[in-house]
Amino acid sequence: MSSVIQVQRAASLSRMLAWEDVKQAYRRSAIGPFWITASMGVQIATMSVVFGIIFKTPLFDYLPFLATSIILWGFISSTVVEGCMAFINAEAMIKQLDLSFFVHTFRVVIKNFITLGHNFILIPLVMLVMLHPVGWQAILFIPGLVVVLANLSWMVVILGMISARFRDVPQTIQAAMTIIYFITPVMWQPSLVPAGASHWLLGLNPFYHLLQLLRLPFLSGVPTLENWLLSLGFAIAGWLVTIVTFNKFGKRIAFWV
Amino acid sequence: MSHIIFDSVGVDFPIFNANGRSLTSRVLEVATGGRLDKDPSGHVLVRSLQDLNFEISNGERVGLLGHNGAGKSTLLRVLSRVYHPQAGKAKIEGRITSLIDISLGINPEATGRENIFLRGRLLGLSKPEIEQKFDEIVAFSELGEFIEMPVRTYSTGMHLRLAFAVSTVVKPEILLMDEWLSVGDESFMHKAEARLTALVDSAQILVIASHSRDLIEKTCTRAIWLEHGQIKMDGTASAVSAAYFG
């Protein structure tokens with residue numbers, strides 16, 4: 001079988017499995033996967049009221065920021081956390097079928113992408129209600145998304161491998177993502193960071209750059225050259241490390257799960 | 001044309017105990033300066049298969065004999081290209097169809113219809129191929145209207161009939177099985193028997209692990225007797241089964 005057909009098979013198989021994962025969580029419920037949208041909507045509404053009061057920012061300014069940030073951060077964070085289980089959860093399949101390992105990692109990325117799709121509906125809704133203008137630069141979301149997906153894809157492969165071998169890693173990553181959530185400007189605006197500290201707190205945090213690529217296009221801003229270059233560099237370096245690791249240990253995954 | 005060549009194949013199974021599997025023990029090893037390095041890698045290796053040499057050519061029907069833990073399942077997994085041997089070379093030419101767990105991929109919450117597609121896709125069929133065979137699968141499984149119901153509402157027999165009906169529509173080159181599949185009640189069993197026999201006959205190579213003398217002597221042309229991960233005997237089905245079953 002030619003490798004093009006194999007890649008196509010793997011892609012379509014992982015797409016089917018990802019949809020199955022989304023449906024599975026909401027079978028027998030009346031509104032189905034729109035629970036994703038509904039619970040995200042309620043979360044954003046509550047948080048924006050509370051933090052709007054605490055930070056004393058006007059709602060029409062804060063709500064669009066918070067809505068885009070939480071939705072897009074949720075996508076990044078849950079892909080990373082679920083990525084740790086990519087191979088562990090696929091044990092039965094791995095031990096019986098000679099499938100490409102990318103079926104299992106793409107499955108996680110696509111599943112989270114579908115979830116993002118459900119939440120994404122809220123962004124134009126919030127913009128509309130808050131009368132927040134969205135300009136031409138919104139189109140930059142698409143290349144930004146490509147770069148973020150390139151990054152998440154390697155993270156899932158390598159985290160999935162390490163987690164299959166060392167079973168403490170999923171818990172560690174989950175805890176780490178909670179910490180990163182607080183040190184990354186998701187709930188609070190980056191402009192609140194004093195100029196002197198911003199290099200350390202924001203510049204060195206790759207997740208900050210990834211998040212900027214996704215959300216700035218909706219917030220009447222344009223991602224900086226620094227955002228683009230660091231995110232791209234992170235993707236290239238990450239894939240290099242992942243490919244080397246996978247070539248060395250990929251054949252051991254079936255023994256680890 | 002399918003072909004299998006094993007050249008001194010060995011498979012070691014790493015057993016990670018609670019300590020070996022956690023990252024901290026790795027870190028501690030370094031921190032304690034190797035004083036606890038009686039077992040430096042920190043895990044036990046089970047030698048599951050050792051120095052296997054054999055060749056299976058197109059048309060052969062091979063039975064795997066051996067007691068529990070002799071390495072039959074591990075060998076089937078190497079043949080499925082799931083386990084890559086650490087030692088030697090396993091050359092496997094041909095498309096693999098594994099009927100070791102015919103329920104793999106079946107989701108109890110999904111309907112029979114959805115599961116036909118799920119299971120079929122995992123067997124390597126494309127969507128149009130499944131659509132084309134869909135009616136035949138439903139007819140064979142005798143599920144009727146139940147095909148639109150979630151599989152969790154099925155009886156065990158219905159569940160197995162569905163899994164069997166989908167799993168046997170493939171056209172295998174190399175067919176791997178762990179014991180003969182027998183499903184359903186009296187009347188279904190005959191039908192299933194005929195279908196499975198036809199499937200086995202159409203395969204270019206069959207490798208089946210079994211504890212049944214009857215099956216080995218009836219279905220296989222050749223048998224391999226495994227003991228402690230090594231080949232104890234390799235010969236015609238009748239000769240090996242006579243020696244094994246005594």
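Predicted model: local features only at pLDDT ≥ 70, side-chain atom pairs only at ≥ 80, totals over all residues.
Me: What is the mean pLDDT of chain B?

Reply: The mean for chain B is 87, and 89% of its residues reach 70 or more.

Me: And what does chain A average?

Reply: Chain A averages 92, with 99% of the residues at 70 or above.

Me: Where in chain A is confidence lowest, and where highest?

Reply: Lowest in helix α9 (residues 195–203) of chain A, at a mean of 82. Highest in helix α7 (residues 141–165) of chain A, at 97. Helices (H or I, at least four residues) and strands (E, at least two) are DSSP runs, numbered from the N terminus.

Me: What ipTM and pTM does the predictor give the complex?

Reply: The ipTM is 0.84 and the pTM is 0.89.

Me: OK, the contact between the chains. How many residues from each?

Reply: Chain A puts in 19 residues and chain B 22 residues. On the chain A side, α1 (3–25), α4 (91–94) and α12 (253–256) each supply at least two residues.

Me: How does the chain A side divide into nonpolar, polar and charged?

Reply: The side of chain A that touches chain B has 10 nonpolar, 2 polar and 7 charged residues. Ala, Val, Leu, Ile, Met, Phe, Trp, Tyr, Cys and Pro count as nonpolar, Asp, Glu, Lys and Arg as charged, and the others, Gly among them, as polar.

Me: Switching to helix packing. At what angle do α2 and α3 of chain A pack?

Reply: Helix α2 (residues 34–54) of chain A and helix α3 (residues 59–83) of chain A pack at about 135 degrees, with their axes 9 Å apart. Axes are lines fitted to C-alpha atoms, for helices over the stretch in contact, and angles run from 0 to 180 degrees between N-to-C directions. α2(A) and α3(A) are therefore oblique to each other; angles under 35 degrees count as roughly parallel, over 145 as roughly antiparallel, 65 to 115 as roughly perpendicular and the rest as oblique.

Me: Which residues of α2(A) and α3(A) meet?

Reply: From α2(A), the list includes Met40(A), Ile44(A), Met47(A) and Phe51(A); from α3(A), it includes Leu59(A), Leu63(A), Leu66(A) and Ile70(A). By class, the contact of α2(A) with α3(A) has 11 nonpolar, 3 polar and no charged residues.

Me: How far apart are the axes of α3(A) and α10(A)?

Reply: They are 10 Å apart, and α3(A) packs with helix α10 (residues 206–215) of chain A at an angle of about 125 degrees. That makes α3(A) oblique to α10(A). The contact includes Leu72(A), Trp73(A) and Ile76(A) of α3(A), and Phe207(A) and Arg215(A) of α10(A). Its residues divide into 7 nonpolar, 2 polar and 1 charged.

Me: Back to chain B. What does the domain assignment give?

Reply: Domain 1 (3–94 + 208–245) and domain 2 (112–203); the bounds come from an automatic or database domain assignment. The contact takes 10 residues from domain 1 of chain B and 8 residues from domain 2 of chain B.

Me: Which element gives the most on the domain 1 side?

Reply: α3(B), with 3 residues. By class, the side of domain 1 of chain B that touches domain 2 of chain B has 5 nonpolar, 5 polar and no charged residues.

Technical notes
Residues numbered from 1 in each chain as written. Chains lettered and ligands numbered in written order. Contact = placed C-beta atoms within 7 Å. pLDDT = per-residue confidence, 0-100.
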